Structure formats: C-alpha cells, structure tokens
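Open the model in your viewer with the sequence alongside. The stops below can be selected one after another.

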Amino acid sequence: MLRFIYVILGNLHRVWMIPKMGYYSRHPEKYSEEFRYEYDRHCINIMKKRGRITTNAYGINNLPKNCGYVMFANHQGKYDALGIMDSHNMPCSIVMDADRSYIPLVRQFIDLVQGKRIKLDDLRQAAGIISEVSEEVKQGRKFIIFPSGGYEHRNGNYVDPFKPGCFKGAIRAKAPIVPVAIVNSWKVFDLWSLRRVVTQVFYLKPLLYDDYKDMKSNAISDLVYDRICAAVKCAEQGDFAAALLK
C-alpha cells in the first residue's frame, strides 16, 4: 500500500490525465481500440517508473496470431492486469469484478479497453457477460480473466482455486485458451516498501480448441490451474525456462 500511495502522490501533477482517459473511453468513434489501449499502457509505464516496478515477460511467442483468445491468469493483487497489459502488445480487454471496477483511476483503465464488469453474486448478469465475451472473442478480441474470481491478501505466490464457469466463454467461442502465470505481482502493492520490485509474467503454451473440445469445463479448469501452479513453482526456484514448459 505504501507504494500505491507513493505513486499517487508522485503523479498528482498528472491528475489531468484521468478526465482525459474518461474522454477517450467515451468516444470510441474518434479514438481507435489501438489508440486507447496504448494510452492505458502509457499510464502503466508512468506508474512503473514512479513506483520502481519492473515486469519481465516470457513466452510472448506462445500468444496465438490473427485470432481472438482468452488469457486465464492467477490473481495476486491490483497490479496483475497491468503487468499483463504492459507486456501484451496487441490490444486486450479484461473481465473484472464490478464492485472493484468503479474506483477512481481503475474505472478509467477499464473503460479505455471496454472491459466487462461482472457481478459475482448475480448469475444471470454473469452469464450475459460470458456470452458477450464469447461473441467478441469470435470477432478477434482478446481478454484477460482471473478465474479465481478474486484474491486474498497474503505475502506469497499462492494460486487460489479456479472457478470452472469462467472458461465457458472461451469454450463457446472455440477459442485458444492461454494460461498465464503471474509471479511476485503481490509485492507491488502489498509490501510496505519502496524498494525496487521485479515481477514476472509467463505466457504458457495455449490450449487450442482441438486440445480441449472433448473436455468438460471442470477438467479444463483443473488442467490450466495445474499448469499455472507448476510454472509458478519453477519461477520461484529461478528456473524460468522450465516454467514455460509447463
């Protein structure tokens, strides 16, 4: 939290960027998806420099080309999606818990990429969001989903259990499923420290539709969960090459 406060106070002279983000998000007819995504990444880079944050990405070549896909990642804290977007060069969006998505600045980040707000306690609304994601992925969009549905504040790289229902949008779209392992992202805002912090993002080999078409969502969820857990364990041991093989 100390770093979060430090980043906010250190960028008060840039507060004018917040309404600018809101303006860009309200006028997609003027500003392309690519433009709005790059503005989000510009803001992330400003935050990283002030916060002394470095994010190293591995396995970028594993990302599918010329199609929509869904990235499923473990969830550790507020920096997780930003770490992925920082290294993901193509525009992508995010599915986020609606209750957390209206915080100032978070709201603007989500709106710029036309993110989806999901109400975890409203099954009908959640089903509608999954359907929207499925249709947009068919049209070539990319999404980040955290299938744990949230995270517990703790010091460590523990991977919370996944909810199989989160995978239904990708399954309906017959789209590639990209497991993403996030390591040490919790250190960014959970440590009471301003020391330089390094996080890692591992894009693991995707599951193509032919790989999972005969599997139930529970089995797909378990497979992605196990691969991410194995990658996180390898990364904690410093074996980044092995992590990509999981």
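Which residues form a nonpolar patch on the surface? Select Met1, Phe4, Ile5, Ile8, Leu9, Leu12 and Trp192, with about 690 Å² of accessible area together. Such patches join nonpolar side chains (Val, Leu, Ile, Met, Phe, Trp, Tyr) within 5 Å, from residues with over 30% relative accessible area and no salt bridge (a side-chain nitrogen of Lys or Arg within 4 Å of a carboxyl oxygen of Asp or Glu). Areas are Shrake-Rupley values with a 1.4 Å probe. Leu12 sits in the loop between helix H1 (2–10) and helix H2 (17–26).

This is a predicted model: local features need pLDDT of at least 70, side-chain atom pairs pLDDT 80 or more, while totals for chains, interfaces and linings use all residues. Numbering starts from 1 along each chain as its sequence is written, and side-chain values use heavy atoms, without hydrogens or water.

Five of the five residues in S2 are buried (under 20% relative accessible area, 1.4 Å probe, protein chains only). Tyr69, Met71 and Ala73 lie on one side, Val70 and Phe72 on the other.

Phe72 has Ile145 as its bridge partner in S5 and stands opposite Pro179 in S6.

Finish at Ile144, whose contacts (heavy atoms within 4.5 Å) beyond four places in sequence include Met71, Ile84 and Cys92.

Methods. Patches are made of residues with over 30% relative accessible area and no salt bridge: like charges are joined within 9 Å, nonpolar side chains (Val, Leu, Ile, Met, Phe, Trp, Tyr) within 5 Å. Helices (H or I, at least four residues) and strands (E, at least two) are DSSP runs, numbered from the N terminus. Buried means under 20% relative accessible area, exposed over 50%, partly exposed in between (1.4 Å probe, protein chains only). Two strands pair if DSSP finds at least two bridges between them.
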